[in-house]
Amino acid sequence: MSLVIDAYLLQLWKAAQAASEAEAPGRTFWNQVLSKYIFIGKEYVVASEEPPSSANIKRRVDIIVKYFEPPNYSIRILCFVEAKRPNADLTLIDEVEHQAFDACAAYLSTNKLQHIYAMTTIGTRARLWIYRPDSDYLEPLFGSQDLSDRSAYVEAHSSDAHKLTEGFHQMKNMPPTSTVSASKSGAVVAPSSHAQSSTASTSSAASGQAAASPWVWDEERKRYRYFNHATKQWVWQEK
């Protein structure tokens, strides 16, 4: 299903199509999509032109999606977004992906998080990524594993856009939980699926977690949970 679901987004999408050599219209389109249609709750903040970390104050990321991490509502970065113009060549696609990688690496170098997300765009086409501290580079959330692959970029106004929607759902459901805050809350931090490790747990709910997602906070139930991919079920932190 297309992400362009109304006349407002359609006008922004058309403006981006008409400016193949300009970056700004595409960036404006994605800013509107992310802030008004995807990350719309009060628990999210969509910011522009901010540094990825306090150690890189002169560096600017095109768009940054932030969230408030319970229970103390610490402000965390959920996703870095870097954009290029629609007719970006291979050199610019290399550049935008490296910019996203650089932002992720800089942020995790000073923040104890299990992972961070990234999004790279060329006009109204996009790829979604995840980066972990033990990764050499960005890992695609879907599609081709190749880097700088224009064909792997999904058009927002197409039937393939459901892949982007699913990726955004993953970001919301599996945010970059702080290992420090999770341990203070009594939750066990699950090993990443990338690591595929099995560690001892202080909670009986952690069995089989090698095939599970990281712990995430459920605001309604005021408890942590993780998704066990082996059993296809959510596992809740013991009270």
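## Inside the fold: contacts, cores and rings

Of the contacts in this chain with a separation of 6 or more, 53% are made by residues 24 or more positions apart. Keep in mind that we're looking at a predicted model. The chain has 239 residues, and 50% of them are buried. Its secondary structure comes to 5 helices and 10 strands.

The average pLDDT over the chain is 81, and 73% of the residues reach at least 70. Strand β7 (residues 154-155) has the highest mean of the elements, at 98, while helix α5 (residues 179-184) has the lowest, at 43. Over residues 179-212, pLDDT stays under 50. The model still has 67 contacts beyond four places in sequence for that stretch.

**The cores**

Let's start with the largest nonpolar core, which has 31 residues. The residues with the most contacts inside this core are W30, F39, L78, M119, L164 and F168. At least two residues each come from α1 (7-17), α2, β2 (61-69), β3 (74-84), β4 (116-122), β5 (125-131) and α4. The biggest contributor is α2, which gives 5 residues. There's also a second, separate core of 22 residues, and V61, L92, I93 and Y131 are among its members.

Setting aside residues up to four places away in sequence, L78 touches F39, Y44, V65, K66, Y67, I116, Y117, M171, P175 and P176. Two of those partners, F39 and Y44, turn up again among the rings.

Searching the whole structure turns up 6 aromatic pairs. One of them joins F39 and Y44: the ring centres are 5.2 Å apart and the planes meet at 65 degrees, so this is an edge-to-face pair. F39 also pairs with F168, with centres 6.0 Å apart and planes at 80 degrees, so that pair is edge-to-face too. The F39 and F168 pair ties together distant parts of the chain, 129 residues apart. F39 sits in the loop between α2 (24-38) and β1 (44-50), whereas F168 belongs to helix α4 (residues 162-173). Through these ring pairs, F39, Y44 and F168 form a cluster.

Y44 comes in at 17%, and since the cut-off for buried is under 20%, Y44 counts as buried.

The charged end of K172 sits over the ring of F39, 5.6 Å from the ring centre.

**What about the cysteines?**

How many disulfides does the model have? The count is 0. C79 is in no disulfide, and the nearest cysteine sulfur, in C104, is 7.5 Å away. C79 is buried at 2% relative accessibility, and C104 is buried at 0%.

**Two more spots to look at**

L138 is found in the loop between β5 and β6 (139-140). Its relative accessibility is 5%, so L138 counts as buried. Beyond its neighbours within four places in sequence, L138 is in contact with E97, A100, F101, C104, A118, W129, I130, Y131 and L147.

V45 lies in strand β1. With a relative accessible area of 33%, V45 is partly exposed. Apart from residues up to four places away in sequence, V45 touches I64, V65, K66 and F68. V65 and K66 are also on the list of residues that L78 touches.

Here are two C-alpha separations involving these residues:

| Pair | Residues apart along the chain | C-alpha separation |
|---|---|---|
| L138 and E97 | 41 residues | 8.1 Å |
| V45 and L78 | 33 residues | 9.6 Å |

Key. Residues numbered from 1 in each chain as written. Predicted model: local features only at pLDDT ≥ 70, side-chain atom pairs only at ≥ 80, totals over all residues. Heavy atoms only, no water. Phe/Tyr/Trp six-rings, centres within 6.5 Å; stacked < 30°, edge-to-face > 60°. Buried < 20%, exposed > 50% of the residue type's maximum accessible area, 1.4 Å probe, protein only. Helix = DSSP H or I, 4+ residues; strand = E, 2+ residues; numbered from the N terminus. Lys NZ or Arg CZ within 6 Å of the ring centre and 35° of its normal. Disulfide = S-S within 2.5 Å. pLDDT = per-residue confidence, 0-100. Contact = heavy atoms within 4.5 Å. Core = buried A, V, L, I, M, F, W, Y, C linked by side-chain atoms within 4.5 Å.
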